[in-house]
Amino acid sequence: MRGEPSCPRCAGRVRAPGLFSDTWQCDLHGAVHPMQPVLPPSIEALNVAVNRSQVPVWLPWPLPVGWLFTGIAHAGDDLSGARATAVACSGPAPLGGFGELVLVAEELGIGLGARYAGLDGPDPGDSVALYKPADAKLMAAGRPTPMFHVPGAPDDRAVYVGEARGLWLWAIAWPEQSALLMHDELVLTDLRDAGAELGLLPCGALSPRLLG
């Protein structure tokens, strides 16, 4: 069974557009872009999501050694396309054990990144400021991208946020020590630009982080 769309901010039920509203509605957060049901990771599911996305679909490429693509989620409907994407990958953590990373690209106010970060959201607020030095840097679509640590997240994860291609870029790592990846010259590719290379992506089991 495929499941139903939900609120990208709280995972609550949403009402489809109808007679009294032309937007999807959450009782708690009002008009939202609906979060679509998460599908098991596969090249076919990834291709569908990439082709309908209006925002970047970020993934480290090449993936860190031993890491796998473990799922994609998006917020948006059939008319608007995806206005937020969340891509998960998993593998050996830098300090041993198992690590997971979710990368979110989203328009202002969607709230999907804050949801995975465990924050009230919808946006990172004062965490990103021009006067602050970056806490980490990565390459996103060939451009150096400052990333800022977001305080107040649950202790089991580390949260960084920046801006890439004019949109929010969130990086959420579990456990917290896996954020060392952010200091290891991480290179992100927008999978909308990947073309035939998508077929080379190694897939693992669905990350439970995307269901949170």
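**Entry 1. Pairing of S7 and S11**

How many bridges join S7 to S11, and do these strands run parallel or antiparallel? I found 7 bridges joining S7 to S11, and the two strands run antiparallel. I note here that I worked from a predicted model, in which local features need pLDDT of at least 70 and side-chain atom pairs count only at pLDDT 80 or more, while totals for chains, interfaces and linings use all residues. Residues are numbered from 1 along each chain as its sequence is written, and side-chain values use heavy atoms, with hydrogens and water left out.

I recorded the terms at the outset. Strands (E, at least two residues) and helices (H or I, at least four residues) are DSSP runs, numbered from the N terminus. Two strands pair if DSSP finds at least two bridges between them. Strands of a sheet pair through backbone hydrogen bonds, either parallel or antiparallel.

**Entry 2**

I then traced the order of the strands. The open sheet has 9 strands in the order S4-S12-S8-S9-S10-S11-S7-S6-S5, with mixed pairing. Strand S4 (58–60) and strand S5 (68–75) stand at the edges with a single partner strand each, so one side of each has no neighbour in the sheet.

I followed several of the pairings:

- Strand S6 (residues 84–92) and strand S7 (residues 98–106) run antiparallel and are joined by 9 bridges; Ala86 has Val104 in S7 as its bridge partner.
- S5 and S6 pair over 7 bridges in the antiparallel sense; Ile72 stands opposite Val87 in S6.
- S10 and S11 run antiparallel and are joined by 7 bridges; Gly162 stands opposite Leu169 in S11.

S10 and S11 also form a hairpin with 2 residues between them, and Arg165 in the turn has a positive phi of about 55°.

I used relative accessible area as the guide: under 20% is buried, over 50% is exposed, and in between is partly exposed (1.4 Å probe, protein chains only). How many residues of S11 are buried? I counted 8 of the 8 residues of S11 as buried, so this strand is largely enclosed by the rest of the structure. S5 is mostly covered, with 7 of its 8 residues buried.

**Entry 2. Salt bridges**

I searched for salt bridges (a side-chain nitrogen of Lys or Arg within 4 Å of a carboxyl oxygen of Asp or Glu). The structure holds 8 of them.

One of these joins the side chains of Glu107 and Arg83, at 2.8 Å from N to O. This pair links distant parts of the chain, with Glu107 in the loop between S7 and H2 and Arg83 in the loop between S5 and S6, 24 residues apart. Arg83 counts as partly exposed because its relative accessibility is 22%.

Asp190 forms a salt bridge with Arg165, with the closest N and O atoms 2.6 Å apart. Asp190 lies in strand S12 and Arg165 in the loop between strand S10 (158–164) and S11, so the pair ties together parts that are 25 residues apart in sequence. Is Asp190 buried or exposed? Asp190 is buried, with a relative accessible area of 1%, whereas Arg165 is partly exposed at 45%.

Asp190 also meets Arg192 in a salt bridge of 2.8 Å, N to O. Salt bridges that share partners join Arg165, Asp190, Arg192 and Asp193 into one network.

**Entry 3. Two loop residues**

Lastly, I looked up contacts (heavy atoms within 4.5 Å). Ser178 is found in the loop between strand S11 (167–174) and strand S12 (187–190). Ser178 counts as buried because its relative accessibility is 1%. Leaving aside neighbours within four places in sequence, Ser178 is in contact with Ala93, Pro94, Gly99, Glu100 and Ala173.

Pro122 lies in the loop between helix H2 (112–117) and strand S8 (136–140), and counts as partly exposed at 21% relative accessibility. Not counting residues up to four places away in sequence, Pro122 touches several residues, including Arg9, Glu106 and Trp170. The C-alpha atoms of Pro122 and Pro8 are separated by 9.4 Å, although these residues are 114 residues apart along the chain.
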